[in-house]
Structure formats: structure tokens, C-alpha cells
Amino acid sequence: MATTTDFILPKMGESITEGTILNWLVQEGESFIEGDILVEVGTDKVDNEVPAPFNGVMVKHLASDGDVVEIGKPVAQIEASSGDAAQKVVPNDDHQEIKKPAGLEDVATDKDSDSHQQIPHQVRNDKSRSKSSSVSSSYVNKDLFVSPLIDKIARENHISYEELARIPGSGNEGRLRKSDVIQYLKDGRPHQFAQPVSAEPDPTAYRIPQLKLDKGTGRIVEMDRMRSMIADHMVYSKHTSPHVTAYVEADLTDLVKWRNANKAAFQEKHGERLTFTPLFVDAVAKAIKEYPNINASVDGKKIIIKENINVGMATALPSGNLIVPVVKNADQKTLPQIAADVNRMANLARENKLGGDDIKGGTFTISNVGTFGSLMGTPIINQPEVAILATGIIKKRAEVITRDGEDKIEIRSMMMLSLSFDHRVVDGFLGGSFLKQVADNLQQIPAYAGISD
């Protein structure tokens, strides 16, 4: 007798703790073969297709479209066909990463829905509702536990932990459930502006003004899912990291001349276009070697200095949204190798074909705002990193140059660089020194000599 097995949500990349069920491609009662895509799952980085681990039948969906599920939790029950081992399902304690089987596009699907009875969807009726509107704003849950799902809902609706603590939970031991928060939102967030309870009110304390701003009228455009997640990520980053921005100006006249003189020979020899992005990545990787503490993340009171130097490059998608593909181990690669990585991922981004491996593992990010004609920018840190570099437009202008003790005015190609850094762990000396080192690296052309020879 065949037994059903839980099909869990596998790991989809570093720092990803949950995914949103986008679309079930195999319905309840339908059969599938190994490698068939069972479900599409969205994360805050990319959409993923989760393949079947063996031949079998979809018995029951445990999560519906739009549900947010933690990594490692079951999303369906499946039954292995005769001769297929059910233990090939990813187990709960081994969050294996999704890997698309080779030649998957050539595998024919076998969805024989006639040979299996269709099992209807189970509709869950959650009758427990929070009575938040009838509870005094002085109520505070001092033992509040916030699950990843509740945290996601709170961030989407800009609900602080102080406000969450005032929502009575209907779960076990007063634990806050999704239905409690949803009902609280439907009730109009009665505790949105409640102040912390204290024995004696502080007359100097800041009170949030209850403003009803006129947001105007016009055409309403709903955020798509990626734009919504980007917005959440940016708000979270500004809330988490105290941002400080430092600026430096670099004279790229020699670099521009060198690239113009060598780009044709470079492409002929290495088969890759030589844009400025590989040069920026190379300069950053070399600077990180000199100042490794900039290549870090924060875990509570601990600073994690990353072993690998993986440089991300913010890239625009056709939809206008941004994504950050990553050049892995950039410090260990030659300029032609970096150029190959940059060109490959830029082409995939334009075609919306970047994979999960292309965007995970970044330790430092570059945002080339000069692509849009901007002189400089103040980028928001890409969490959980601690710094991000913005490179402005390369612009010719008259500059005073000192040669042999004599000042002269020359036309030079200048570029502004700005570094936003997390002041919790990066002070002004480290941030400024690293930024100057990047500029120095870009101005030292001998470092690239012989590339096209």
C-alpha cells in the first residue's frame, strides 16, 4: 500500500527564510514524473520552480496560492509511484537547495488526471478572531513572539513591535496568529498611535502626530510583487542600519583612455565586451582585500567578517525593478573572467532569466547611478551587508592639475563615488579609507597593463 509523504519547501538561497506560493502546476489527483515542476514559489529575490523528486501523484496541497510558507515546512502531500522511493523527498532537517535537473526542458510531462480521482481543496475556516478593537490600548504582551510570517505582515503594513505587542493573540499561550493581525488591520489599527505605558508621563517625550494627509487624486497603480518586496527591503534597511554617506572624486582620464584604446583588442582576444562595470568590480575587490572589515554583516552584537569577496551589481530589469546579480570570488578572478561574469548576468537580467545562484551570496554591492546620468547617489544598504558603493557619471570638465610645481587647467574625465555604510560597525575612518582606496585603484592604470597583449 502506497503511503503519502510530506513535500517540504526547500532552501532557495542564503538568508531566505520563507517563500510565497505563486502557482501550483500539478493539481490534486494529478500524476507527475521526476523533474516536473510542481509549484512556483516567489521569494524576496527571485521566483523559483520547485521540481518533483520522483514519479508520483499529488495527493493534497497544504498551502494555497498566496500563502507564505517557512523554508523546511510541508507544502503538499505526495505519493510515490510504484518502484519510486518516497525518501527522496527533501527531509525537514536537511534544507537542500533547489537544483533544476539537467535537460528539464526536454522531459515530457505525464499528467494523467483521468486515472486518479480529483481530491477537492480543503477550505480552512479560522473562526478565531482577535477582539483587538475592544481591548484597552494599555494592554501589552510582554512575552511577544513574532514569527517570520507575522514579521512579514507587520513590515508590509509598517506595524512596529510596540504596536504588535498590543494585539491580543488567540494562539497557544496567547501567541499572535496571522488571523489576529489581519483582523486588527480590518478594525482600523486602533492602537496605531498608542504610547508606551509608564508610571509618569514624560513631558519631553515625542508624540506621533495624528495627521490626515491629503494624498491627492490621480491614476492608481498597484505595486507588483517585486516592487512591493523591494519597498519592504529598503524600509527595513533604513530602519535597521544608521546610514552615513561619504564622497570622493576620482580622476578617470587615464582609465577612460586605456579602455578606449584596448576594448577592441580585449573583445577580440577574450570574446567579452569591456564595459566600465568589470573595472569597478575589480577595483572594489582589491580595496576589500585592503580593508576586509567593510566586507561584513551584523548578527546582534557580533560582526561577521566574510571569507569570500562576492561583489553584487545593481541591475535594472525590463519591468524597471532592480535586482543584484553577484560576481562570486571577485578578488580571485582576472579582469577577463570578471567581464565574462558581468556580461553573462547583465544579458540574463535583460531577459528575466537570472537564476537563484546568480543573485545569492553577495557581500558588497555596487550601484552604477551614472548609467542614468546622475552625478552621484546616496544608495540604501543592501541588507545584510554593511556598505554599498554608488558610481556617478564620468563627466569631462576643466580641472586644475599641478605638474612640476606648476598649476595648469586641463580637460579631465571625473567621476564622483559615494559610499553609504552602516555606522553601527563601520566608522568614518574605515568608510573613508576604503572609499579612497577604490578611487586610487581606478586611477592606477598599471594594475591593468597587459590585459589585451
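**Helix packing and buried residues in a predicted model**

User: Which share of the contacts in the protein chain with a separation of 6 or more comes from residues 24 or more positions apart?

Analyst: The model discussed here is predicted. Its protein chain contains 9 helices and 19 strands. Among contacts with a separation of 6 or more, the share from residues 24 or more positions apart is 67%.

User: What percentage of the residues in the protein chain is buried?

Analyst: A residue counts as buried when its relative accessible area is under 20%. The protein chain has 453 residues, and the buried part of them is 42%.

User: How are α6 and α9 oriented to each other: parallel, antiparallel, perpendicular or oblique?

Analyst: Helix α6 spans residues 276–290 and helix α9 spans residues 428–443; their axes come within 8 Å and cross at roughly 130 degrees. Angles of 65 to 115 degrees count as roughly perpendicular and those over 145 as roughly antiparallel. The crossing is right-handed. The orientation of α6 and α9 is therefore oblique.

User: How many nonpolar residues does the contact of α6 with α9 have?

Analyst: On the α6 side, the residues include Leu279, Phe280 and Lys286, and on the α9 side they include Phe434, Val438 and Asn441. By class, this contact has 2 polar and 2 charged residues, while the nonpolar ones number 9.

User: How are α5 and α7 oriented to each other: parallel or perpendicular?

Analyst: Helix α5 (residues 253–270) packs against helix α7 (residues 335–350) with the axes 12 Å apart and an angle of about 80 degrees. The range for roughly perpendicular is 65 to 115 degrees. Hence α5 and α7 are roughly perpendicular.

User: How many charged residues does the contact of α5 with α7 have?

Analyst: Trp258, Phe266 and His270 of α5 meet Leu335, Pro336 and Ala339 of α7. By class, the contact has 5 nonpolar residues and 1 polar residue, and the number of charged residues is none.

User: Is serine 237 buried or exposed?

Analyst: Serine 237 is part of helix α4. Leaving aside residues up to four places away in sequence, serine 237 touches His243, Ile380, Ile381 and Gln383. Because its relative accessibility is 0%, serine 237 is classed as buried.

User: What is the distance in space, C-alpha to C-alpha, between valine 235 and isoleucine 380?

Analyst: Valine 235 belongs to helix α4, which covers residues 225–240. With a relative accessibility of 41%, valine 235 counts as partly exposed. Valine 235 and isoleucine 380 are 145 residues apart in sequence, and their C-alpha to C-alpha distance is 9.2 Å.

Notes:
Residues are numbered from 1 along each chain as its sequence is written. This is a predicted model: local features need pLDDT of at least 70, side-chain atom pairs count only at pLDDT 80 or more; totals for chains, interfaces and linings use all residues. Side-chain values use heavy atoms; hydrogens and water are left out. Helices (H or I, at least four residues) and strands (E, at least two) are DSSP runs, numbered from the N terminus. Buried means under 20% relative accessible area, exposed over 50%, partly exposed in between (1.4 Å probe, protein chains only). Contact means heavy atoms within 4.5 Å. Axes are lines fitted to C-alpha atoms, for helices over the stretch in contact, and angles run from 0 to 180 degrees between N-to-C directions. Angles under 35 degrees count as roughly parallel, over 145 as roughly antiparallel, 65 to 115 as roughly perpendicular and the rest as oblique. A crossing is left-handed if the near helix is turned anticlockwise from the far one by less than a right angle, and right-handed if clockwise. Ala, Val, Leu, Ile, Met, Phe, Trp, Tyr, Cys and Pro count as nonpolar, Asp, Glu, Lys and Arg as charged, and the others, Gly among them, as polar.
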